[in-house]
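Open the model in your viewer and keep the sequence panel beside it. The tour goes from one selection to the next and says what to look for at each stop.

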Amino acid sequence: MATPNNVTPTNCSWWPISALENDAGKGKDGEENQDPTDPALKAQDRLVLYHWTQSFSSQKVRLVIAEKGLPCEERDVSMPLLEHKEPWFMRLNLGEEVPVIIHRDNIISDYNQIIDYMEKNFTGGKGGGRAAFPLPLSDNVPQLIPEPGTPLHSRVLQYRELLDSLPMDAYTHGCILHPELTTDSMIPKYATAEIRRHLANASTELMKLDHEEEPPLTEPYLSKQKKLMAKILEHDNVNYLKKILGELGMVLDQIEAELEKRKLEYQGQKCELWLCGCVFTLADVLLGATLHRLKFLGLSKKYWEDGSRPNLQSFFDRIQKRFAFRKVLGDIHTTLLSAVVPNAFRLVKRKPPSFFGASFLMGSLGGMGYFAYWYLKKKYI
């Protein structure tokens, strides 16, 4: 049965990073009388996040954690290597999706529930009530969703709903399949051929499974895969892509107007302006992540770098300088490299080649990294 925060408590004792570790150190009087420096308490309150670097939902959750300044153990689940389909991960989330977070006895695998859980359990200090655990950092954990009943709260919820409703997977697949609609995209050209090859292979495999007398996979799994295929094929429709990109422009027009309202509303006041006011909120996290992804896809020149939305440009320039943003997303020009290199090393570890092959690969990766660093430094620094 779900708890009041819509999270299903799950006993994690089967997993080596179980939040139940060191439970023997608990006092009989409960957590209130425990010393916050107690190692058993620290292990119990540890946050563990399973994510993939390029997952949009994962990026937003990681930004929330970084903005709150919370210690978190991050574990990368490589989607290209199909680690999300391996048994160890499916025991965390049968839906085979990231992100997944573990805290205490809770395993939370829904993006929106993770955000709500983080806000409810990890907020303290001036922004609201104390956090639900007595870690030393709890007194300074910022509140990203303002108190209910305030104008700021309703604004944040409005833009949370609006930004989360954007079909980012459709933008991503569409821009990969139709690079002619983008400008200065950071997606490599071979990605288009690769995703089309994947579509062809997946279609063939699904046809084989459909004709088997005793399919090795359950009907719900087949149904899910068919829906996924249909979704990607829809994203390959250039007319559909143009339609949703036009709707995206209208959303960005609304946000541009909202940012202009903030300038008029706080005119003459000395404060840093964000989407909903002088306070940095969840709405800013979501907008920053959205703009970062659009720039990566090659859509920034179309939507704000052409001077058509100066407030949006100013917002993006400022949010890129925030510590949390730089920590999680880094430099936009190294985003792809940050995803490719770990996968390469993990693949080598999983299927080690000959000594010569391994040495050559490691040397090549090192050389690529070295030249990439100097190229980027010369071009952008």
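Start by selecting Lys68, which is buried, with a relative accessible area of 4%. Keep in mind throughout that this is a predicted model.

The side chains of Lys68 and Glu119 form a salt bridge, with 3.0 Å from N to O. Lys68 belongs to helix H2 (residues 56–68) and Glu119 to helix H4 (residues 111–121), so the pair ties together parts that are 51 residues apart in sequence. Is Glu119 buried or exposed? Its relative accessibility is 12%, so Glu119 counts as buried.

Select Met118 next. Leaving out residues up to four places away in sequence, Met118 touches Lys68, and also Leu47, Val64, Ile65, Leu70, Ile101 and Thr123. Met118 is part of the largest nonpolar core, which has 67 residues. Along with Tyr171, Ile255 and Leu282, Met118 touches the most other members of that core. Helix H10 (residues 282–297) supplies the largest share, ten residues. There is also a second, separate core of ten residues, and Trp52, Leu92, Val98 and Val100 are among them.

Select strand E3 (residues 100–103). In a regular strand the side chains alternate between the two faces of the sheet. In E3, Val100 and Ile102 are on one side, Ile101 and His103 are on the other, and all four are buried. What does E3 pair with? Strand E1 (residues 47–51) pairs with E3 in the antiparallel sense, over four bridges. Look for Leu49, which stands opposite Ile101. Strand E4 (residues 106–108) also runs antiparallel to E3, joined by three bridges. Here Ile107 is the bridge partner of Ile102. E3 and E4 make a hairpin with two residues between them. Arg104, in the turn, has a positive phi of about 55 degrees.

Go back to helix H10 and select Asp284, which lies in this helix. Asp284 is buried yet has no salt bridge. Which side chain of opposite charge is nearest to Asp284? Arg318 is, at 7.2 Å. The side chain of Asp284 does reach the backbone nitrogen of Thr281, at 2.9 Å. Apart from residues up to four places away in sequence, Asp284 touches Trp274, Leu275, Val279, Phe315 and Ile319.

The next stop is helix H9 (residues 238–265). Select Glu258 and Arg262, which are four residues apart in this helix and so separated by about one helical turn. Their side chains meet in a salt bridge of 2.5 Å, N to O. Glu258 is buried, with a relative accessible area of 10%, and Arg262 is buried at 3%.

For another salt bridge, select Lys301 and Glu305, whose side chains meet at 3.6 Å, N to O. Lys301 is partly exposed, at 38% relative accessibility. Glu305 is partly exposed too, at 29%.

Finish at Tyr303, in helix H11 (residues 300–303). Tyr303 is buried, with a relative accessible area of 3%. Show what surrounds Tyr303: beyond its neighbours within four places in sequence, Tyr303 is in contact with Leu245, Gly246, Leu248, Gly249, Leu252, Ser308 and Arg309.

How values were computed: Residues numbered from 1 in each chain as written. Predicted model: local features only at pLDDT ≥ 70, side-chain atom pairs only at ≥ 80, totals over all residues. Heavy atoms only, no water. Core = buried A, V, L, I, M, F, W, Y, C linked by side-chain atoms within 4.5 Å. Buried < 20%, exposed > 50% of the residue type's maximum accessible area, 1.4 Å probe, protein only. Contact = heavy atoms within 4.5 Å. Pairing = 2+ DSSP bridges. Lys, Arg positive; Asp, Glu negative; His and termini not counted. Salt bridge = Lys/Arg side-chain N within 4 Å of Asp/Glu carboxyl O. Polar contact = N/O pair within 3.5 Å; in protein donor to acceptor, adjacent residues only side chain to side chain.
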